[in-house]
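Work through the exercises below with the model in view. Try each task before reading its solution.

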Amino acid sequence: MSIILIIALLLHQPSTSTAAIAESIFSVIITDEPPYCTMPLTTSLQREEVEVAYSSDDHESLPVTPLVPLLDIESAVEIPKDVADGYIILLSGGSLSARMIKEKKLNKGKKTKVGKSTAASLIDESAVDFAFAALTDGNVIEAVFGVESNGGLKRSKNTSEFAYNAARNAKQAIMDASIPTESVKKLAVETYIRLFEIIIGFHLDLENIGFITWCVKHQKVEISAIKEIHQAFVALNEVIASSI
């Protein structure tokens, strides 16, 4: 309650005892809830549209929904760090792992953010075909759509048909785009390596958040990771869109 209100209360109650005035002031204070207590969080992650509510400083980088989604971002960020580690080792031929990313983070002494050119420098030309086959014939892409399998490519009863079909469509779109343009294979492999780099970095950053600040900082780390994922898929999304 403001000082002006307190003074006004004192002036209008000259015959009232100090104790009574204090009681009146206290009753106003405890019922005067600050407006910020009822303010809802404005961040919104919508699964189907894969939309992110950016702050006003980021309005220039709003994502565009691709014609053929190549992942479900909400499902991707929920992939455990150990699983993401296995996929990044597979796609990079062992050139990158969660341990290496963590060491780089410790050396820099700040949030994990691997440079955009890292994935491109890791892929050996002779290993591209193998890594690309892991994408199109394996279950890497199924994982980033949240598809659970019963071994091989069989869909688990816990997986929605929508997610299963979306993963199949993404794999087919990537394969179709790679037929006329061989370089799409390398771009696709680099893009998904970058994705798993971001996921691993996301989990490493979460490990450094304290219990008290978890709610606020978790949200900021997640939004940052989602924005990085959108950026990582820009080039591949454009290639896929032009091939349809």
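**Starting point**

Glu207 counts as partly exposed, because its relative accessibility is 48%. (Buried means under 20% relative accessible area, exposed over 50%, partly exposed in between, with a 1.4 Å probe and protein chains only.) This is a predicted model: local features need pLDDT of at least 70, side-chain atom pairs need 80 or more, and totals for chains, interfaces and linings use all residues. Residues are numbered from 1 along each chain as its sequence is written, and side-chain values use heavy atoms, without hydrogens or water.

**Exercise 1: the whole chain**

Task: find how many helices and strands the protein chain has, and in what pattern they follow.

Solution. Step 1: count the elements. The protein chain has 12 helices and 2 strands. (Both are DSSP runs numbered from the N terminus: helices are H or I with at least four residues, strands are E with at least two.) Step 2: read along the sequence. The pattern is α-α-β-β-α-α-α-α-α-α-α-α-α-α. Step 3: look at burial. Of the 244 residues in the protein chain, 39% are buried. Take contacts between residues at least 6 apart in sequence: 72% of them join residues at least 24 apart. (Contact means heavy atoms within 4.5 Å.)

**Exercise 2: the salt bridges**

Solution. Step 1: get the total. The structure holds 7 salt bridges. (Each is a side-chain nitrogen of Lys or Arg within 4 Å of a carboxyl oxygen of Asp or Glu.) Side chains of opposite charge can pair when their charged atoms come close.

Step 1: take Lys81. Lys81 is partly exposed, because its relative accessibility is 21%.

Step 2: take Arg194. Glu228 sits in helix H11 (residues 214-232), Arg194 in helix H10, 34 residues apart. Glu228 is buried at 16% relative accessibility, and Arg194 is buried at 10%.

Step 3: look for a network. Salt bridges link Asp129, Glu182 and Lys185 in one.

**Exercise 3: two helices crossing**

Task: describe how H7 and H9 meet.

Solution. Step 1: find the axes. Those of helix H7 (residues 125-136) and H9 come within 9 Å and cross at roughly 145°. (Axes are lines fitted to C-alpha atoms, for helices over the stretch in contact; angles run from 0 to 180 degrees between N-to-C directions.) Step 2: list the residues. Phe132, Leu135 and Thr136 in H7 meet Lys171, Ile174, Met175 and Ser178 in H9. Step 3: sort them. They divide into 4 nonpolar, 2 polar and 1 charged. (Ala, Val, Leu, Ile, Met, Phe, Trp, Tyr, Cys and Pro count as nonpolar; Asp, Glu, Lys and Arg as charged; the others, Gly among them, as polar.)
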